[in-house]
Amino acid sequence: RWVGTQLPIQAQSSLFVAKWERSAGPEDLAQVAQTCEVAGFDYVGVCDHIAIPERAAPAMGTHWMDPIATLSWLAAKTKRIHLLTHVYVLPYRHARVAAKQLSAVDHLSEGRLVAGIGAGHLAEEFDLLNLDFSNRGRVMDERLPELILALENEFVAGFGASPRPTQQPRPPVWIAGSSAPAIRRAVDVGDGWLPQGPATPRLVESLKDRLAHAQRPFDGFAIGHIAPPIHLGAADVDLGKHTITGSATQVADRLLSAMPADVNQIQIRVMANSLDEYCAQLSWAGAELLPLLR
């Protein structure tokens, strides 16, 4: 199993941002990514929003670093850990622009990109970009094959682009979303699936049925799960009713018992009240929790 985490600081929605993140800077973000790498996490992930409407700003905030720029910068700050877009909103970009950006991250990181691709969810953001929110599913269906072709081939329809991705034939593409169309896209063109939240037995069975019908091998296909927030050991302050606390064994038992057995990619999020505590939690998780989850 892969175990990864969504980075703090990069996205600062009021729904999940910790107080210490508000004043954190680029080097703090790099420190978190480097701590994840040393701790043995398989990937770090970043989100994607262009601009947040005022209506949604009280909940979502407006601090959302560009995912391509952020991962490119982190590629220079790390050596081993994979870099996940979770997720890159494809309907915001032409497929060739998307391929150019994602190829650049894979090239600069020497083959560490995982391209998580989604359809987007914020209607006003589509309006801002003069895009049809209701049409985003069809756009995904049209652009995903073109994106795949452009990631795999230097020349497509008479136009070439380099540098090429380091990974061959291309970086892994994980399709995000818990709807039936998202699962269909994951099976049709993807190398894995990213649910919007926890994976459920029903969703995983639907995915497995589609894989079997498409005669695609189950082995090697990434099946994701987003776990509840965790904190190893006792906490000095209230971390919220949904946070799982306790020893590494206790936390692992609760996480594993709540997800389908076929999940092979788990995304965890640690809770902390400072940068130092956050990094300590990551290090502790790497030493004690990750081996149990794997």
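User: Among contacts in the protein between residues at least 6 apart in sequence, what percentage join residues at least 24 apart?

Analyst: A contact here means heavy atoms within 4.5 Å, and in this predicted model 72% of the contacts between residues at least 6 apart join residues at least 24 apart. Residues are numbered from 1 along each chain as its sequence is written, and side-chain values use heavy atoms, with hydrogens and water left out. Local features need pLDDT of at least 70 and side-chain atom pairs count only at pLDDT 80 or more, whereas totals for chains, interfaces and linings use all residues.

User: How many disulfides does a search of the whole structure find?

Analyst: A disulfide is a pair of cysteine sulfur atoms within 2.5 Å, and the search of the whole structure finds zero. C47 is in no disulfide, the nearest cysteine sulfur, that of C36, being 14 Å away.

User: Is C279 buried or exposed?

Analyst: Buried means under 20% relative accessible area, exposed over 50%, and partly exposed in between, with a 1.4 Å probe and protein chains only. C279 is buried at 7%, and C47 is buried at 13%; of the 294 residues of the protein, 51% count as buried.

User: What does the C-alpha trace span along its principal axes?

Analyst: The C-alpha trace of the protein spans about 60 × 40 × 40 Å along those axes.
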